[in-house]
Structures are given as C-alpha cells and as structure tokens.
Amino acid sequence: MTNTINGDKHIVIEYFNINKIKSVTYECPLDDYSNYRLTLFFEEKVEEITLNSKEDTNEHWKYKFDEVICSIAKYFCTNK
C-alpha cells in the first residue's frame, strides 16, 4: 500500500497484494488531541508499514490523514 498526495491535492491510496498481510494494528485516540496509527505486518520478511497521523504529516493536514487512516482500518475490518 502506498499513499501520496497528487498534484490535484487528492490523497491517493494504492493497495498491493493484501493477502500477504499477516495482521493489522489500528490505534485511535479517545479524544481529538492524539494521533491515529495503523501498522501493517506482513507474512514474508517485509518490514512493517506504519501510518502515523502525528508524525507523517503536519497540523494543517493531520485531520485529513486521521480520516484516511480510519478509512483504511475500516477497509481491513470488512475485507479481511
């Protein structure tokens, strides 16, 4: 999975072979002041991928990234 912001200022998320994902950890705050975090662990010897709304973006984009991370987590809850 990759996520980028394209020239049109859209967040683009591309999924790759999700069958190789062993587990997903989703952490979300109980308040609005913390950060969202999603970590993907793979079956093969591939380093895990962590998306962190506080560390991976700035205060102007954090709320959008929170929403994206939440959407990705929902995807894995319903499709895994």
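The following dialogue considers how terms are applied to the predicted model shown above.

Student: Why is phenylalanine 76 called buried?

Tutor: Buried means under 20% relative accessible area, exposed means over 50%, and partly exposed lies in between (1.4 Å probe, protein chains only). Phenylalanine 76 has a relative accessible area of 6%, so the residue is buried.

Student: What makes a set of residues a nonpolar core?

Tutor: The residues must be buried Ala, Val, Leu, Ile, Met, Phe, Trp, Tyr or Cys, joined through side-chain atoms within 4.5 Å. The largest such core here has 13 residues, and those with the most contacts inside it include Ile21, Leu38, Leu51 and Phe76. Both β4 (37–42) and α1 (62–79) supply at least two residues of this core, and the largest share, six residues, comes from α1. Helices (H or I, at least four residues) and strands (E, at least two) are DSSP runs, numbered from the N terminus.

Student: Why is the contact between lysine 20 and glutamate 44 called a salt bridge?

Tutor: A salt bridge requires a side-chain nitrogen of Lys or Arg within 4 Å of a carboxyl oxygen of Asp or Glu. For lysine 20 and glutamate 44 the distance from N to O is 3.5 Å, so the pair qualifies. The two residues are 24 residues apart, with lysine 20 in the loop between β2 (11–14) and β3 (21–27) and glutamate 44 in the loop between β4 and β5 (49–52).

Student: How many salt bridges does this rule give?

Tutor: The count comes to three. One of them joins arginine 37 and glutamate 27, with the closest N and O atoms 3.6 Å apart. Arginine 37 lies in strand β4 and glutamate 27 in strand β3, so this pair ties together parts that are ten residues apart in sequence. Another joins lysine 62 and aspartate 66 at 3.0 Å, N to O. Both of these residues lie in helix α1, four residues apart, about one turn of the helix.

Student: Are lysine 62 and aspartate 66 buried or exposed?

Tutor: Lysine 62 is buried, and so is aspartate 66. By contrast, arginine 37 counts as partly exposed, because its relative accessibility is 27%.

Student: What makes the pair of tyrosine 26 and tyrosine 36 tilted?

Tutor: Rings of Phe, Tyr and Trp (its six-membered ring) pair if their centres lie within 6.5 Å; planes under 30 degrees apart count as stacked, over 60 as edge-to-face and the rest as tilted. The count comes to two aromatic pairs. Tyrosine 26 and tyrosine 36 stand 6.5 Å apart, centre to centre, with 45° between the planes, so this pair is tilted. Tyrosine 26 lies in strand β3 and tyrosine 36 in the loop between β3 and β4. At 31% relative accessibility, tyrosine 26 is partly exposed, whereas tyrosine 36, at 19%, counts as buried.

Key
Residues numbered from 1 in each chain as written. Predicted model: local features only at pLDDT ≥ 70, side-chain atom pairs only at ≥ 80, totals over all residues. Heavy atoms only, no water.
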